[in-house]
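Work through the exercises below with the sequence and the model side by side, and try each task before reading its solution.

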Amino acid sequence: MMYLQEKIIGERIFLSEMRESDISEQFMLWLHDSEVNEFLEVRHNLPNLETQRAYVRECRTSASKMYLGIFTLSKKLIGSVTLNIYETNKVEIGLMIGDKSHHGLGIGTEVVRIVANWAAMNEFIEITAGYLAGNKRSANLFKSLGFQIVQVISESDIINHQTSVVRTSLLLRA
């Protein structure tokens with residue numbers, strides 16, 4: 001079981017394990033908002049309140065997955081981060097800034113930066129991420145933090161008819 005022992009604290013936000021009570025009607029509105037979920041895998045199979053809370057329970061008992069809330073320092077939930085942990089000392093990050101009033105403020109950059117710092121301190125050797133090729137904000141975010149494109153996978157997409165998934169990687173240590 002992988003439990004976060006304490007919060008991961010940044011300059012403007014902190015990350016903390018999601019609890020079932022964090023999955024509110026507001027959180028569900030974010031997941032179902034087409035502007036928020038446009039580039040998320042969940043857009044094809046939108047969860048309901050109970051299935052999302054079940055996901056929280058699953059992650060809390062998983063040895064290979066962490067589901068963290070993104071909170072302002074005043075403890076307001078504004079999004080979430082999923083970390084997939086691999087036995088090869090790699091961690092994969094996926095994130096959603098649900099609260100649109102926090103879009104474009106560099107919150108995603110801060111999240112990835114503090115996760116990378118946490119991963120390095122916990123002896124992970126690499127952090128990876130994937131994003132849809134049309135997601136310019138994610139492309140710019142990962143590039144700005146030194147992630148390198150390692151693979152482009154062509155994939156059928158129901159909404160956009162055809163797109164590609166870009167896989168990126170940041171080596172934390174050799």
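**Exercise 1.** Is Phe147 buried or exposed, and what is its relative accessible area?

*Solution.* The model is a predicted one, in which local features need pLDDT of at least 70 and side-chain atom pairs count only at pLDDT 80 or more, while totals for chains, interfaces and linings use all residues. Residues are numbered from 1 along each chain as its sequence is written, and side-chain values use heavy atoms, with hydrogens and water left out. Buried means under 20% relative accessible area, exposed over 50% and partly exposed in between, for a 1.4 Å probe and protein chains only. Phe147 has a relative accessible area of 5%, so Phe147 is buried.

**Exercise 2.** Classify the ring pair of Phe14 and Phe71.

*Solution.* Rings of Phe, Tyr and Trp (its six-membered ring) pair if their centres lie within 6.5 Å, and planes under 30 degrees apart count as stacked, over 60 as edge-to-face and the rest as tilted. There are six aromatic pairs in the structure. For Phe14 and Phe71 the centres are 5.2 Å apart and the planes stand at 10 degrees, so this pair is stacked. Phe14 and Phe71 are both buried.

**Exercise 3.** Classify the ring pair of Phe142 and Phe147, and find the cluster that holds both rings.

*Solution.* The ring centres of Phe142 and Phe147 are 4.9 Å apart with planes at 65 degrees, so the pair is edge-to-face. Phe142 is buried too, with a relative accessible area of 4%. Ring pairs join Phe142 and Phe147 with Tyr131 in a cluster.
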